[in-house]
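Have the viewer open and follow along.

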Amino acid sequence: MIARHYKETKIELLLEDINEYEERVPNKINTIKTHNSQGVLGGSIQDAISAFGEAVLAEVPHQQIVRYLQHIKEFGSANFAFVCRQGETFDVTINNDTFALTGGPAGAYLHTDVWEKYFMQR
């Protein structure tokens with residue numbers, strides 16, 4: 001196996017961030033669900049990308065890393081469906097939780113950089 005160029009020395013800080021992400025995910029999903037919140041949905045894409053990167057550096061189990069990639073896909077797909085299906089009700093599944101959202105006007109987290117990050121992870 002090829003050695004990494006960068007070796008993290010503060011693994012405990014990464015693990016704290018990962019644990020914080022894990023604690024926030026159910027609350028984020030509940031807020032998205034109950035408030036039809038595109039802002040929380042969009043912001044969750046970057047949070048999942050950060051958790052993925054930190055998990056790779058911390059060398060957590062492979063299944064956990066793959067789950068964060070799944071979160072990126074789920075938050076991203078739901079976010080872009082939200083703005084592309086304005087006024088329509090559609091089902092999304094995030095973290096094995098399926099619920100309905102109603103598309104609304106475009107808000108934050110829709111600039112080119114977000115699209116590129118989302119599609120590069122797919």
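Predicted model: local features only at pLDDT ≥ 70, side-chain atom pairs only at ≥ 80, totals over all residues.

Residues are numbered from 1 along each chain as its sequence is written, and side-chain values use heavy atoms, with hydrogens and water left out.

**Overall layout**

- The chain has four helices and two strands, taken as DSSP runs numbered from the N terminus (helices are H or I with at least four residues, strands are E with at least two).
- Going along the sequence, you get α-α-α-β-β-α.
- Of the 122 residues in the chain, 37% are buried (under 20% relative accessible area; exposed is over 50% and partly exposed is in between, with a 1.4 Å probe and protein chains only).
- Among contacts (heavy atoms within 4.5 Å) with a separation of 6 or more, 58% are between residues 24 or more positions apart.

**α2 with α3**

- Two packed helices are described by the angle between their axes and the distance between the axes.
- For α2 (residues 38–58) and α3 (residues 62–84), the axes come within 8 Å and cross at roughly 160°; axes are lines fitted to C-alpha atoms, for helices over the stretch in contact, and angles run from 0 to 180 degrees between N-to-C directions.
- α2 and α3 are therefore roughly antiparallel (over 145 degrees; under 35 is roughly parallel, 65 to 115 roughly perpendicular and the rest oblique).
- α2 passes α3 in a left-handed crossing, meaning that the near helix is turned anticlockwise from the far one by less than a right angle (clockwise would be right-handed).
- The contact residues include Leu41, Ile45, Ile49 and Phe52 on the α2 side and Ile65, Leu69, Ile72 and Phe75 on the α3 side.
- The residues of this α2 with α3 contact divide into 16 nonpolar, six polar and no charged (nonpolar is Ala, Val, Leu, Ile, Met, Phe, Trp, Tyr, Cys and Pro; charged is Asp, Glu, Lys and Arg; the others, Gly among them, are polar).

**α1 with α2**

- The axes of α1 and α2 come within 9 Å and cross at roughly 155°.
- That makes α1 roughly antiparallel to α2, and α1 passes α2 in a left-handed crossing.
- Residues that meet here include Leu14, Ile18, Tyr21 and Lys28 in α1 and Leu41, Asp47, Ala48 and Ala55 in α2.
- The α1 with α2 contact has 13 nonpolar, two polar and five charged residues.

**α1 with α3**

- The axes of α1 and α3 come within 13 Å and cross at roughly 30°.
- That makes α1 roughly parallel to α3, and the crossing of α1 and α3 is left-handed.
- Ile18, Tyr21, Glu22, Val25 and Ile32 of α1 make the contact with Gln64, Arg67, Tyr68, His71 and Phe75 of α3.
- The residues of the contact of α1 with α3 split into six nonpolar, two polar and two charged.

**Two lysines**

- Lys28 sits in helix α1 and is buried, with a relative accessible area of 15%.
- The Lys28 side chain makes a polar contact with the side chain of Asp47 at 2.5 Å (a pair of N or O atoms within 3.5 Å; within protein, one must be able to donate a hydrogen and the other to accept it, and residues adjacent in sequence count only if both atoms are side-chain atoms).
- Not counting residues up to four places away in sequence, Lys28 touches Val40, Ser44 and Asp47.
- Lys10 lies in the segment before α1 (11–35) and is partly exposed, with a relative accessible area of 44%.
- The C-alpha atoms of Lys10 and Ala58 are separated by 8.9 Å, though these residues are 48 residues apart along the chain.
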